[in-house]
2 protein chains.
Amino acid sequence: MRTSVLSRALLGLIAAEPMSGYGLARLFERTLARAWPARHPQIYPALAELEQQGLLRVSETGPRRRKTYAVTANGVAEVQRWLRDTAPDRTVRNETILRLFMLWLLESREAVAFFDDEIESHRQRLVGFEQTLADDERQRREHGTAQGGIAFCASLALEWGIRYEREYIEWATQARDRIADGAKAWDNARERRLG
Amino acid sequence: MRTSVLSRALLGLIAAEPMSGYGLARLFERTLARAWPARHPQIYPALAELEQQGLLRVSETGPRRRKTYAVTANGVAEVQRWLRDTAPDRTVRNETILRLFMLWLLESREAVAFFDDEIESHRQRLVGFEQTLADDERQRREHGTAQGGIAFCASLALEWGIRYEREYIEWATQARDRIADGAKAWDNARERRLG
């Protein structure tokens with residue numbers, strides 16, 4: 001059975017709560033996009049295939065024929081098997097860090113601008129994560145909290161996101177300042193190499 | 001002209017120093033693998049294509065016909081254009097964090113084991129980075145250092161790698177301990193949901 005990472009993720013999310021393709025797309029957009037990108041055009045065919053494989057079933061059909069899916073026992077078993085029997089693919093692709101190895105080809109003021117863009121972009125992400133954290137904490141105060149379940153797992157992931165962004169911004173700010181302070185040495189090294 | 005991220009990276013690395021496909025593959029393996037995965041079967045055809053496009057030229061042919069490539073002026077301009085005119089793709093794929101959203105489907109002891117594996121795997125990465133840092137610092141003491149050039153850029157990337165791994169291990173250790181301490185609540189929440 002060909003089952004992608006995305007399909008397993010959809011099964012796992014629906015295991016927590018029956019959901020429509022629209023609801024899943026919003027969940028990816030709001031919460032999961034920093035872990036795994038997924039958009040409507042990928043989600044709908046994956047759901048149809050999972051239904052055909054007997055891993056999901058349609059639990060409700062709403063207005064405009066919107067289908068809500070629930071997981072089947074086989075679906076739960078499939079995600080559990082994936083989590084238990086396979087190691088996560090820990091391959092990293094970070095185009096920014098890759099570009100950093102080429103950054104000496106630009107002038108120091110361009111390298112400083114590169115880091116300014118990074119800092120700004122990651123500050124925006126951090127603000128988004130901190131907003132989500134504040135919303136979650138308000139919800140927990142109102143409804144209480146449990147030390148398990150998907151909400152707890154999501155809160156651990158959010159904590160990682162916040163730690164990551166804070167650390168990244170701190171590193172990028174230091175790197176930026178070091179380039180700005182040593183601008184002359186940077187430009188000299190560049191000219192020596194490029195002639 | 002179709003030029004991939006990998007091709008641009010190859011151009012940028014060769015701009016610092018003429019290199020063979022073998023040398024580039026080793027460089028990716030030892031230094032760049034945590035930013036961008038690339039293996040021999042991808043590197044050799046990319047180099048041949050860049051030569052055909054006039055962005056690289058063969059600067060030397062060694063024993064067993066090993067070619068050393070040097071960048072051309074057009075090649076340097078192509079990397080600079082890429083760095084200047086396009087924003088990096090900041091899409092993140094982190095299968096571990098994605099899996100975390102499904103982790104409540106496993107028993108608490110399995111969730112603890114998941115984090116133990118993560119901690120062990122990232123400790124190994126950190127040890128590798130710290131070894132590279134120690135080697136670099138020895139080289140700097142022996143040969144002096146400059147505030148620019150590719151060595152400086154590589155040292156910034158290495159610093160990020162070390163910060164990332166330390167932060168990750170700290171987070172994963174806290175998460176592991178919280179799950180271990182609240183194991184009963186975790187397993188109860190799971191049973192309520194899965195029945």
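**Exercise 1.** What distance separates the centres of domain 1 of chain A and domain 2 of chain A, taken over C-alpha atoms?

*Solution.* Before starting, note that this is a predicted model, in which local features need pLDDT of at least 70, side-chain atom pairs count only at pLDDT 80 or more, and totals for chains, interfaces and linings use all residues. Residues are numbered from 1 along each chain as its sequence is written, while chains are lettered from A and ligands numbered from 1 in the order in which they are written.

Step 1: find the domains. Domain 1 of chain A covers 5-85 and domain 2 covers 95-194; such bounds come from an automatic or database domain assignment.
Step 2: read off the separation. The two centres lie 30 Å apart.
Step 3: look at where the domains touch. Each of them gives four residues to the contact, where contact means that C-beta atoms, placed from the backbone, lie within 7 Å.
Step 4: sort the side of domain 1. This side holds two nonpolar residues, one polar and one charged. Here Ala, Val, Leu, Ile, Met, Phe, Trp, Tyr, Cys and Pro count as nonpolar, Asp, Glu, Lys and Arg as charged, and the others, Gly among them, as polar.

**Exercise 2.** Find which helix supplies the largest share of the side of chain A that touches chain B.

*Solution.* Step 1: size up the interface. It brings 61 residues of chain A into contact with 61 residues of chain B.
Step 1: list the contributors. Helices of chain A that each supply at least two residues include α1 (5-16), α4 (73-85), α6 (108-143) and α7 (149-181). Helices (H or I, at least four residues) and strands (E, at least two) are DSSP runs, numbered from the N terminus.
Step 2: pick the helix. The largest share, 13 residues, belongs to α7(A).
Step 3: classify this side of chain A. There are 37 nonpolar, 11 polar and 13 charged residues.

**Exercise 3.** Work out the strand order of the sheet in chain A, and name the helix packed on it.

*Solution.* Step 1: order the strands. The sheet is open, has three strands in the order β1-β3-β2, and pairs them antiparallel; two strands pair if DSSP finds at least two bridges between them.
Step 1: find the edges. β1 (19-20) and β2 (56-61) of chain A pair on one side only.
Step 2: follow one pairing. Five bridges join β2(A) to β3 (residues 67-71) of chain A, and A:Val58 faces A:Tyr69 across the strands.

**Exercise 4.** Describe how α1(A) and α4(A) cross.

*Solution.* Two packed helices are described by the angle between their axes and the distance between the axes.
Step 1: apply them. The axes of α1(A) and α4(A) come within 9 Å and cross at roughly 120°. Axes are lines fitted to C-alpha atoms, for helices over the stretch in contact, with angles from 0 to 180 degrees between N-to-C directions.
Step 2: name the arrangement. α1(A) and α4(A) are therefore oblique to each other; angles under 35 degrees count as roughly parallel, over 145 as roughly antiparallel, 65 to 115 as roughly perpendicular and the rest as oblique.
Step 3: name the residues. A:Arg8, A:Leu11, A:Gly12 and A:Ala15 of α1(A) meet residues of α4(A), among them A:Val76 and A:Trp82.

How values were computed. Two residues are in contact if their C-beta atoms, placed from the backbone, lie within 7 Å.
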